[in-house]
Amino acid sequence: MLYRTAGQFKTSYRADHALFPVKQDAWLLGFILLFAVVIFPLTASEFAFRALLTPVLIYALAALGLNILTGYAGQLSLGTGAFMGVGAYACYKLVTLFPEMNLLVAIALSGFFSAAIGVAFGLPSLRIKGFYLAIATLAAQFFLVWLFEKWAWLYNYNSSGAIQVPTISMFGVPVAGPNATAMVQYYVVLAIVALVTVLAINITRGRIGRMWKAVRDMDIAAELVGINPMKAKLSAFAVSSYIVGVAGALFVFLWRGAAEPVAFDIPLSFRVLFIAIIGGLGSILGNYLGAILIVALPVIISALPAAVGLPLSSAMVEHLNTMIIGALIILFLIVEPHGLARFWAIIREKLIMWPFPH
Amino acid sequence: MNSRVADPVAIAEQGAGEMLMEVRNVSLSFGGVKAITDISFDIRKGEIRAIIGPNGAGKTSMLNVINGFYTPQKGEIVFRGQTRRAMKPHHAVRQGIARTFQNVALFKGMSTLDNIMAGRAVKMRRNLFWQMLWHGPALAEEIEHRAAVEEIIDFLEIQHIRRTPVGKLPYGLQKRVELGRALAMEPSLLLLDEPMAGMNLEEKEDMSRFILDVNRQRGTTIALIEHDMGVVMDLSDRVVVLDYGKKIADGVPDAVKSNQAVIDAYLGVAH
């Protein structure tokens, strides 16, 4: 009933190319943004910011980066964690070498470092595909994490071997480091993630997005419509790694506050890959849905027994949590292998029709 | 014979009709297997040129040579007055050669509209920066090409499947979308690899009409491979016949039909 598209006619291609051809979608997004910008910050606790809101956004951004590579351009990568690390270490070096540099500039620049590394490790994709490419990116994963450990210059010869975020202020307000409040960090992350998401939507719906999808669906045919597969694949690696690198910089600077090389090891890569797959490959929205499921649901589930007064030991809660999340992931993938984004698309279709069957 | 824009007999007799492509003494082999042996023929502007022959005669290999997928070991190809040698398929597209495939080669996850829009990839120029901004030059370019694509959609009568992912379409429609994608490239030479394969009579009639309309209304030169002899003889202006990688006949359909070598190749001959 709410989702009526009747009467919404488009009389120009410009109107048809609008971001929200159905105006209910725009309302829905406005509603979500209202929550994200006003209602959550007013009601959320410090814990909710640190454990739920900020990580969901950062993981969604990392998954968005991976999704461009894997979901849109069809190149499987297992090196996401390491590329996030490149962004984080690059940002760390930038802010320590140039302390007067604005943090936002440093984060934006650090993406270029991971983009360059991503393109370098994407070169094998010109020759190999599928699982074999995944193995090549796995090599990047191990090599880069090894580099983060062994190259002491990267962490400024810190005795702990970790990178420690110094206090960084913008306009007199501390945004990173031990003095920053979670709410400020959340707003900065929200702004960056929203901006990158809009840019990613724009890229994927135009010429370049079609080029990527063409290479994904049939690379030979793509070449025969005049698409240069080398350009398509390497540009996907560059854009994807840029976004992943920015997510990595946010991961350390606006959330964790410190990181050891092991933080960027393969479990992080898999985590981001799971988010992208469960959310839905080849979709932008899916990254958010997947991040909510993978990051936020465990937090909510483990907080539940305490909230309803169940006396469970914390170890028990942990075990239950792992089991429930695991079962949910399998269930979602069986019910809808194309991910939560497709799930939503089907619900939306049904809502447009409802209550009539056709 | 129906009244054609370019009269094949006149072409043959007077040498009229500008030369679009000339294939000169091309040979192609894979290891020890000779796919094509010393073949020469030409394609003139505005004609429908059929390449026929029994299975394994080297027809598809010939198309693959023409659009740069294979590089022949011997011989040369002159396209629009320029000799060319080794090249990649996406270079051939830039020169104005488009093709469809025997087994439909569409982008299955994309909608009909996106598939045909992808055919205009070489014509669109806006870089990553403008694409990110979207509003402005990138959107203007998108809309300009959308209008051209919608014309093709109207022409092929596939308005109703504009938003459908092509993987879900029936085979006949997929073939039509593939033709649309090739047309979106606005080629000067259109290569069709068995456009009627696996179609029923009605679909064949539709496809024949589209091919003729493309040739007449858009003035596109067409080279096609087809096994349905009725279709070939009705559609094409001139026919080249291959057998075991060699050219055995070349000429107007009526002449080819009565050629003894062609009859032998198709029906077999007692040795």
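Helix 3 (residues 46-72) and helix 11 (residues 266-279) of chain A cross at roughly 70°, with their axes coming within 8 Å. Helices here are DSSP runs of H or I with at least four residues, strands are runs of E with at least two, and both are numbered from the N terminus. Axes are lines fitted to C-alpha atoms, for helices over the stretch in contact, and angles run from 0 to 180 degrees between N-to-C directions. Helix 3 and helix 11 of chain A are therefore roughly perpendicular (65 to 115 degrees; under 35 is roughly parallel, over 145 roughly antiparallel and the rest oblique). Helix 3 of chain A brings A:Tyr59, A:Ala62, A:Ala63, A:Leu66, A:Asn67, A:Thr70 and A:Gly71 to the contact, and helix 11 of chain A brings A:Val272, A:Leu273, A:Ile275, A:Ala276 and A:Gly279. Contact means C-beta atoms, placed from the backbone, within 7 Å.

The model is predicted: local features need pLDDT of at least 70 and side-chain atom pairs pLDDT 80 or more, while totals for chains, interfaces and linings use all residues. Residues are numbered from 1 along each chain as its sequence is written, and chains are lettered from A and ligands numbered from 1 in the order in which they are written.

Now for where the chains meet. Chain A puts 24 residues into the contact and chain B puts in 33. On the chain A side, helix 1 (13-16), helix 7 (182-205), helix 8 (207-217) and helix 9 (219-224) each supply at least two residues. Helix 8 of chain A gives the largest share of that side, seven residues.

Elsewhere in chain A, helix 13 (residues 314-335) has 22 residues and reaches 31 Å from first C-alpha to last, close to the 32 Å expected (1.5 Å times one less than the number of residues).

Chain B has an open, antiparallel sheet of four strands in the order 2-1-4-5; strands pair if DSSP finds at least two bridges between them. Strand 2 (33-44) and strand 5 (82-84) of chain B are at the edges with a single partner strand each, so one side of each has no neighbour in the sheet. The twist averages 20° from one strand to the next. Strand 4 (residues 74-79) and strand 5 of chain B pair over three bridges, and B:Ile77 has B:Arg84 as its bridge partner in strand 5. Helix 2 (residues 59-66) of chain B lies across strand 1 (19-30), strand 2 and strand 4 of chain B, at about 65° to strand 2.

Key: Contact = placed C-beta atoms within 7 Å.
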